[in-house]
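Hi,

Here is the structure I promised to pass on. Have a look at it first, then read my notes below.

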Amino acid sequence: MTPIQKPSQVFDAVQRAKAGAAAFCTNFFPVESKLRGWIDHGELFAELRNGVAFFFRKDRDFLRFYFCAADVATLQREIAAWPGLKTEHVITDLVGNESTVNDLVSALEPAGFGRHTQLQRLVRTGRSESATDNPRVGFAEKADGRAVLGLIEDAFDRYGEQLPMLYEIEQAIEGRQILAARRDGELAGLLFFETQGLASTVRFWAVAEKFRDLKTGSALIRHYFKIHGAVRRFTLWVNARNENAIQKYRHFGYAPDGLIDQVLANRLIPA
Amino acid sequence: MKTVIEILTEIRPEFDFTASRDFIADGMLDSFDLVTLVAALDKNWGISIQGTDIVPENFQNLQTIEGLLRKSGAKP
């Protein structure tokens, strides 16, 4: 695996894999600003194999695997031949509708990948409801970084849900992308979002265990909608088995749009 | 045959595509929408947009999409 030094290396490798591809397949949708962060922190690596581009992002103690291949058969051949699959802890995400994703799962299973978890995308359209101010909710502050990371790591699956690193949390706090709810001087809950133009995505919404059933989560999401009055499309990804969370999102107007994220793990990742 | 605007509105009915100069910067189309849009454009005009042309710059607004269609052999 070769460390990536600049985003153009990624785009060049993707273009080479795409050139002349009859049925190009990929699970890599890079956004330049994110790529820069990964590269600056030495997290991104590539391996080019017979016209297929593999990318790996180091995430905590495992690798996130992305591929760009001319077709599924080429992908299947090259992933089976990649020796790292037997020595590294590897996770990969396949995004699409159920049938597209299942085709790719069938291609990756023989190489040693198995289903880890499934996320589903929920969408809410239309104007936001108005809400009254809640004095306990405001933007997270610089000093909250580690507490935010701790709450996210406690509440979510690090393999399945693409948890941010501390530096990403610090950037998000600086960019006013994390709402914090406080009780008794402690971080009781958070809502981490990304907004672009008329669309906004909730990345994480969590309440610390000892502060549940106090309407903390409700206060956070109502405040989130309140500050996004111009947004017309709200999205998020949720673990498909987390019925409690899905029920809450439905209550606030979200509904599945048919897009799923099937998270696969190799055999070294615990089930 | 549908127009580009009709196709865009079918994919994202909540947005007014005539009011934007940059669909990507305005958050009206994400990377997953581009896949759906390319399939719809291919079907509507009987063309096959090249993989190397599926980049955000080609989907910024109506003019760039129509330019892509012309490049791919369609007459929008």
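**How confident is the model?**

Chain B has a mean pLDDT of 92, with 100% of its residues at 70 or more; pLDDT is the predictor's confidence in each residue, from 0 to 100. For chain A the mean is 93, and 99% of the residues reach 70 or more. The model's overall scores are ipTM 0.84 and pTM 0.91.

Keep in mind that this is a predicted model: local features need pLDDT of at least 70, side-chain atom pairs count only at pLDDT 80 or more, and totals for chains, interfaces and linings use all residues. Residues are numbered from 1 along each chain as its sequence is written, while chains are lettered from A and ligands numbered from 1 in the order in which they are written.

**Domains and chains**

Chain A is split into domain 1 (2–88) and domain 2 (127–231), with bounds from an automatic or database domain assignment. The C-alpha centres of these two domains of chain A are 31 Å apart. Four residues from domain 1 of chain A and four from domain 2 of chain A make the contact, where "in contact" means that the C-beta atoms of two residues, placed from the backbone, lie within 7 Å.

Between the chains, ten residues of chain B are in contact with 16 residues of chain A. On the chain B side, that gives four nonpolar, four polar and two charged residues (Ala, Val, Leu, Ile, Met, Phe, Trp, Tyr, Cys and Pro count as nonpolar, Asp, Glu, Lys and Arg as charged, and the others, Gly among them, as polar).

**A helix pair to look at**

In chain A, helix α5 (residues 145–155) packs against helix α6 (residues 166–174) at an angle of about 120°, with the axes 9 Å apart. Axes are lines fitted to C-alpha atoms, for helices over the stretch in contact, and angles run from 0 to 180 degrees between N-to-C directions. The contact uses Gly145(A), Val148(A) and Leu149(A) from α5(A), plus Leu166(A), Ile169(A), Glu170(A) and Ile173(A) from α6(A). Sorted by class, they are five nonpolar, one polar and one charged.

Cheers

Note on methods: Helices (H or I, at least four residues) and strands (E, at least two) are DSSP runs, numbered from the N terminus.
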